[in-house]
Amino acid sequence: MDQPEIDRKSPYVLDLAHGTYWWCACGRSQTKPFCDGAHKNTAFTPVKFEITQPAQVALCGCKRTRNPPYCDGTHKQL
């Protein structure tokens, strides 16, 4: 698997609480957009990110962003 699986061609817009999160980079997780360990035995590694105060975020669903884990609009070109 050279490319991650495209989960969806739109971002996940979520309200997240303060904390540490792991974004799924492989597209195989059953708890998307968050990692559930499904990347094991692949070349992909989840992306750790911190939320320092409650915030609304747009997390990439297509797995092609150049700014992981955040959506950069790349899905519009797929």
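1. C26 is buried, with a relative accessible area of 2%. Here buried means under 20% relative accessible area, exposed means over 50%, and partly exposed is in between (1.4 Å probe, protein chains only). The sulfur of C26 is 3.8 Å from the closest cysteine sulfur, which belongs to C24, and this is too far for a bond. A disulfide is a pair of cysteine sulfur atoms within 2.5 Å.

2. The model is predicted: local features need pLDDT of at least 70 and side-chain atom pairs count only at pLDDT 80 or more, while totals for chains, interfaces and linings use all residues. Residues are numbered from 1 along each chain as its sequence is written, and side-chain values use heavy atoms, with hydrogens and water left out.

3. C71 is partly exposed, at a relative accessible area of 25%. Across the whole structure, the search finds zero disulfides.

4. K63 lies in the segment after β4 (55-59). Strands are DSSP runs (E, at least two residues), and helices are DSSP runs too (H or I, at least four), numbered from the N terminus. K63 is buried yet has no salt bridge, and the nearest side chain of opposite charge, D7, is 4.8 Å away. A salt bridge needs a side-chain nitrogen of Lys or Arg within 4 Å of a carboxyl oxygen of Asp or Glu. Lys and Arg count as positive and Asp and Glu as negative; His and the chain ends are not counted.

5. What does the side chain of K63 reach? The backbone oxygen of C24, at 2.6 Å. Not counting residues up to four places away in sequence, K63 touches several residues, including D7, W23, C24 and P33. Contact means heavy atoms within 4.5 Å.

6. S29 sits in the loop between β2 (19-23) and β3 (47-51). Is S29 buried or exposed? S29 is buried, with a relative accessible area of 2%. A polar atom of its side chain lies 3.4 Å from the backbone nitrogen of D36. Leaving aside neighbours within four places in sequence, S29 is in contact with C24, F34, C35, D36 and A38.

7. β2 and β3 run antiparallel and are joined by five bridges; two strands pair if DSSP finds at least two bridges between them. The bridge partner of T20 in β3 is E50.

Note on methods: A polar contact is a pair of N or O atoms within 3.5 Å; within protein, one must be able to donate a hydrogen and the other to accept it, and residues adjacent in sequence count only if both atoms are side-chain atoms.
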